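Reader: Could you take a close look at one part of this model with me? I would like to hear about the aromatic rings.

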Amino acid sequence: MAQNSQRYDLVEVGRSFQLPGQYRDGVPYGSGHINDTFAATYDQGGRAVRYIHQRINDRIFRDVPALMENIQRTTAHVRARLRAEGVTDPRAALTLCPAADGLPYARDPEGAYWRTYEFIEGARTYDVIETERQAFEAARAFGRFQDLLSDLTGPRLHETIPDFHHTPRRFARFEEVLAADPCGRAADCRREIDLALGWKAEASRLLDLCAQGLMPERITHNDTKLNNVMLDDQTGAGLCVIDLDTVMPGLSLYDFGDMVRTATNSGAEDERDLAKVTCRMPMFEALAKGYLGTARAFLTEAEVEQLSFAGRLLTLECGVRFLTDHLQGDTYFKIHRAGHNLDRCRTQFKLVADMRNLEPAMQRVVQLTMKEQA
Ligand code: ADP
Ligand code: GN1
Ligand code: MG
C-alpha cells in the first residue's frame, strides 16, 4: 500500500514526458491518500530542476483522460484569469508537462497512467495547520479558486467520481458494507457504527437546500484539505491550489466544510490519542475571514447561513468513508498500519461531537465576519 519508488521505473516515466535534462533521482513525496507522488530531480545544464511525477489511481478515478481534460481546462482558465489580473508568478497555478505524444498523461508498460507537473518551489503544504494566519491564507486561496473558476465556459466538467459528496449515498454504502461485514470487523467498532447511525438524519441538509433551489451548483475543488494548498515560504501567502482530481460541479460548502474539517483539528487526522483532537475555534474564525474575504461576493444567503454546519457535515462524511473502508478491508485509502482507517474515523467523530457543541459559536463568528466585511 505504501509508496515505493522501487516499484516504478521513474527514469522511464520521465522519458515519456517532454522534459529537458538528465534524470538524477526520484523520491516518494507528500502524504496524499490516493495517488503515488514522486519528486524527481533533473540536471538541466548543471542546474537541478524538480518535477512532480504522479501515478494516478485509476481504481478510484475510472476515466483518467476525462479527469486530465478537466485539469487541462481548469488550469488553463485559472492561468488566463491570473494573467489578466497581472499575476505573473508561474507558481500561482499548476503547470502540466506534456507527454512525448503531446497528451497531458502517459501510460507505462503496465498500463498505469502518469502525469507530470512543474514542481512548485519555495512553498509547502501542511498536514496540521500551525497558525491562524495559515488557515486564513489557505481559505482565501480556496475561495479565490472558486471565484477564478466561476466564469469557466464550455461543457460541464466531468464528474471524476460520481456522487463524491453525496453524503446520504455515502451512508447507504456504509450500511451496505456494514450488513455484509466482509472482514468481520463490525463487532470491534460498534461505538463508531452507532455514532454514525445516530447522526444520519443530518446527511441530506445541503442537498435538500440545493433541491429547493437555494444553493447553486458551482465549480468546486471538493478536496480542500489543508495539504492541498501550497503556502509561500517567504510571504506565508496562499500561493497555489493543488490536487485538482476532484475539481468538478459541487457545492461551495463542500470546500469550506473540508477546510473546517482539516484546519480546525488540533491533532493529526490519524491521531490515536483523542485528547489531542479538538476543534479549534480560532482556526474556524480565521477560515471564515479568509473564505468570506474572497467568496462573500458570490455566496447566497443560504450558503452563508450553512457555513457553521458545513464543517460538521464534511467531517461526518469523511468519518463515515473511513469507517466504511475499515469495514470493507481498506481498499480505498492508503493505510500504513492495521486499524489506520478506524483511527482516522475516530478523530473525525471526535471533531463532529465538538462541532455540534460549537455550532452557535460558529454561527456568531460568521455573522460578525459578515458585518465586519460589509
Ligand atoms: P494526493 O491526491 O495523493 O493527495 P496530491 O496531488 O495532493 O496527491 O500530492 C501529494 C503531495 O505532493 C501534496 O500534498 C504536495 O505536498 C505535493 N505536491 C503535489 N503537487 C506538487 C507540485 N506541483 N509542486 C510541489 N509539491 C507538490
Ligand atoms: C483523500 O487525495 P487526498 O489525500 O488529498 C480523499 C478526500 C478525503 C481525504 C481524507 C479523491 O484526499 O476525499 O477527504 O483523503 N480524496 C479522494 O484525508 O477520495
Ligand atoms: Mg492531496
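Is tyrosine 29 buried, partly exposed or exposed?

Author: Happy to! This is a predicted model, where local features need pLDDT of at least 70 and side-chain atom pairs count only at pLDDT 80 or more, while totals for chains, interfaces and linings use all residues. Residues are numbered from 1 along each chain as its sequence is written, chains are lettered from A and ligands numbered from 1 in the order in which they are written, and side-chain values use heavy atoms, leaving out hydrogens and water.

Tyrosine 29 is partly exposed, at a relative accessible area of 35% (buried means under 20%, exposed over 50%, partly exposed in between, with a 1.4 Å probe and protein chains only). Rings of Phe, Tyr and Trp (its six-membered ring) pair if their centres lie within 6.5 Å; planes under 30 degrees apart count as stacked, over 60 as edge-to-face and the rest as tilted. By this rule there are 13 aromatic pairs. Tyrosine 29 sits in the loop between β1 (22-28) and β2 (36-44) and phenylalanine 119 in the loop between β5 (113-118) and β6 (123-124), so the pair ties together parts 90 residues apart in sequence (strands are DSSP runs of E, at least two residues, and helices of H or I, at least four, numbered from the N terminus).

Phenylalanine 119 itself is buried, at 13% relative accessibility. The charged end of arginine 50 sits over the ring of phenylalanine 119, 4.0 Å from its centre (for this, NZ of Lys or CZ of Arg must be within 6 Å of the ring centre and within 35 degrees of the ring normal).
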